[in-house]
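Please examine the sequence and the structure shown below. The paragraphs that follow lead through the model step by step.

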There are 2 protein chains.
Amino acid sequence: MPAPPPSALAARKVAIDTYRENVVYLRRDCPVYRAEGFQALSKVEVSANSSTILAVLNVVDDARIVGELELGLSEEAFALLGIEEGARVHVAHAEPPVSIASLKRKIAGERLSRGELAAMVRDIAAHRYSKIELAAFLVATAKMELDHDEVLHLTEAMVGVGRRHDWRETPVVDKHCIGGIPGNRTSMLVVPIVAAHGMLIPKTSSRAITSPAGSANTMACLADVELPFDRMEPIVRRHRGCLVWGGRAALSPADDVLIAVSRPLSLDSPGQMVASILSKKIAAGSTHLVLDIPLGPTAKVRHMSEAQRLKKLFEYVARHLGLTLDAVITDGRQPIGRGIGPVLEARDVLQVLNNDPAAPADLRLKGLRLAGRVLEFDPDLRGGDGFSVARDILDSGRALARMNAIIDAQGRRDFDWRRPNLAPLVHEVVSDADGVVTDIDNERLARIARLAGAPNAEGAGVDLFHKLGDAVSRGQPLYRIHSASTSELEFARRLASHGAGFTIGPAADASPELPVEF
Amino acid sequence: MPAPPPSALAARKVAIDTYRENVVYLRRDCPVYRAEGFQALSKVEVSANSSTILAVLNVVDDARIVGELELGLSEEAFALLGIEEGARVHVAHAEPPVSIASLKRKIAGERLSRGELAAMVRDIAAHRYSKIELAAFLVATAKMELDHDEVLHLTEAMVGVGRRHDWRETPVVDKHCIGGIPGNRTSMLVVPIVAAHGMLIPKTSSRAITSPAGSANTMACLADVELPFDRMEPIVRRHRGCLVWGGRAALSPADDVLIAVSRPLSLDSPGQMVASILSKKIAAGSTHLVLDIPLGPTAKVRHMSEAQRLKKLFEYVARHLGLTLDAVITDGRQPIGRGIGPVLEARDVLQVLNNDPAAPADLRLKGLRLAGRVLEFDPDLRGGDGFSVARDILDSGRALARMNAIIDAQGRRDFDWRRPNLAPLVHEVVSDADGVVTDIDNERLARIARLAGAPNAEGAGVDLFHKLGDAVSRGQPLYRIHSASTSELEFARRLASHGAGFTIGPAADASPELPVEF
């Protein structure tokens, strides 16, 4: 009778960044591998002590990575199992998560119930889905494949697997943009204005994932943004607002898992977007939210009908989850402000807060309008007065004072907005014709700024000299690329030479004003 | 001015089985990583000499895997680039394959053109898609998301990226089953019968992927099946047939890539199935094909309407690609034959070929009917005579003689069908009631046989003692599990104890006969 296989393997750390997927590494000549008849990429169950995780099996033929009687695990898997290097672990065939049956139903075009969506989200948050299954989930639920109620139940389920913060007062306000427009750092204006008015606005933002700067990257030029919750809470209580990175808060664990796959697919379906944004806002304890939906030919949302449908979907889900929502469709035809990249955008924001005459007017106006909308959540403020109250707070310097107080509380960093620390290597992109700027390509400029090094190199990016409708002549600079390394400058320069992202033409060709709310 | 990053890295082999995905491993502290601003799981372009491949980037924090100035590559990537260990390679941001735009259009529900599908299949076959993108492709094209012409163009594109064999005679016949039914080794009867009649039937089969045995696994008990093409061709010319593994032939390179993702997702959409099967048959040079579509409550196809739709889709695509197709919907309510597992199935086949009175009658009958259909492709054979010609060839011993000739030509292995080398550890599963077998679960029995060790352990599997309609009494054995290891026997036994896969009830509850063709 053949001997039974060894019952346990020794855990060994394999430091390969799997981006939140549990992966284990097993030698092809490991007796357990042969006895169990595993296959590469199959799902296995790894247990140690009383914990069990599901993982994808990678088969290794290399003694440098794992030994014959070892199981390689990521740092994250070690943490989930609560073990140290060398601990005894068991590996076995995994039953697929029960909710995979629902995934297959969704792929087949069926409608999922509230219970099914809840089970799927629990399995996703618990890392029980492989990357391939996550991709299948995202594609199967993309576009119009989820109806309103499915999006509601998905959002609810995503809230359910996270912790939900209770600020023990109301309203707790927030402002969010669905993204896609370079610059557009309005949160850094809205928070100090609204907080100065006395409303509670504990703003958590994301770092840039595919864009050249997120609010968290830009705020990080001015202050510490990586605050654990117990440091953030007293700041918010005292100053009525903050601007911190939300990554520490684990607001939506299922969303954190899904983003690892939706990002490389650049998949951003309406249902996913609504569930992702609203689950995080609700988990953060917000009661009132102003939502910015930019519309434009190179924005995320490109047609008014699509913007209206998205707005209605946000409103439906928010209403059923008890979140007061004011969704605004805005002009997304071009970047907002002049700078694209953390330092450049921080400069723009501080110009506005300092009432500098050179401040970008579009950023000031949009910030005031959004702040005005948020202020109107205040029951004491009469309808329509929000904008003028916001302007008073900004013009009087109270917004700047509040921003400084928040920056000091979070931990100030050196930043001189009059002489910002821009990346030293520059290249100017010039107009190749006489005429008027008729189109600006948001995506192109974002890519150029990213190749130039933003957001990893804080001072890198693009500084715009002209916006839609400006008259320019041939050879006149349209924007300046800033970069910290010659290779990055060369990447960005090369992309710009294949298409600068600006269209210059007769004034009659100018991109038409959109019938947006502002 | 900062120094430019080093322009090249040294290639190093990293033996992790990535199942046909190009993966490269780069240290987080590598200057190139930092300079380029790469992210984990992003797509990069790796070039050496004049070759370039696209790969997914895995970020490594472990000096044992790659050094700071090294790039880790799989064996496959070394082969694609045509380099040796230590060669200088360059790594850069990759532009996503152009056809990713079509993938996004498909996800959005758009119809794809012939040119778009061709470009996608070229990129897939060239390993330019990541696993996540492949999963997105499979899900987006699953179910009714591809119309008839899209399936045609997909099939055509899959033929286009492979080599197509020309046997320089016609007809070149083939027989294929869409799968899902354990046992069912009819190819091993059809090939010797049809070859003995003189028609050319160069049969390539697959190894089991998710099933307990494929034709190639079962034939491998009797003969060598891993024949390179130049050894297979003279065998086919001389004996008019063969039974070899198709994996060496690279008949459908795009399908080979897709299967790495469709398998873990167990995604088998009609469009994908048609494109996969027909592209391989056309590439193999077949001109005439009998296709077996088993229908049953636990078969792949579960409703007659679905079977009819699938049959029509196969017929449409085959007709437009010049392949003569006879698709037959067959009874798939239970396994065909008694054995499930390579050795057990080989025993069944040889019992039939030897005209042993104990041979499973259902396997004999189905083999004869399918062989009869193939024979009717012979213009000299009158309509309807195929079955009786096939029976004459089998009963006269000519089929056995031809099978022996093919086995000798491919390379005979020791196999005594009267005393087959079954795995020694056994467990009998008994009926828990008196009554009649009213249902047999194909999927359950396949899983039990797999857990018992099939197909990796050739002699492992399940030996059925009863089939639909048999009267059994409580405590009477329904089947015997064979296993080569105690742990595998225990896995299989445990699954069977949670559900044996047999339903015993009153005769009136028996699964109804299906209105199938046979």
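Which residue in β18(B) is the bridge partner of V462(B)? The bridge partner is I481(B). The model is predicted: local features need pLDDT of at least 70 and side-chain atom pairs count only at pLDDT 80 or more, whereas totals for chains, interfaces and linings use all residues. Residues are numbered from 1 along each chain as its sequence is written, and chains are lettered from A and ligands numbered from 1 in the order in which they are written.

Strand β18 of chain B covers residues 477–483; strands (E, at least two residues) and helices (H or I, at least four) are DSSP runs numbered from the N terminus. Strands pair if DSSP finds at least two bridges between them. Strand β16 of chain B (residues 461–464) runs antiparallel to β18(B), joined by four bridges. Strand β14 of chain B (residues 425–430) also pairs with β18(B) in the antiparallel sense, over six bridges, and L425(B) has S483(B) as its bridge partner. Five of the seven residues of β18(B) are buried, so this strand is largely enclosed by the rest of the structure. A residue is buried if 20 or more other C-beta atoms, placed from the backbone, lie within 10 Å of its own, exposed if 12 or fewer, and partly exposed in between.

Chain A contains 18 helices and 19 strands. Of its 518 residues, 56% count as buried. The C-alpha atoms of chain A fill a box of roughly 90 × 55 × 45 Å, taken along the principal axes.
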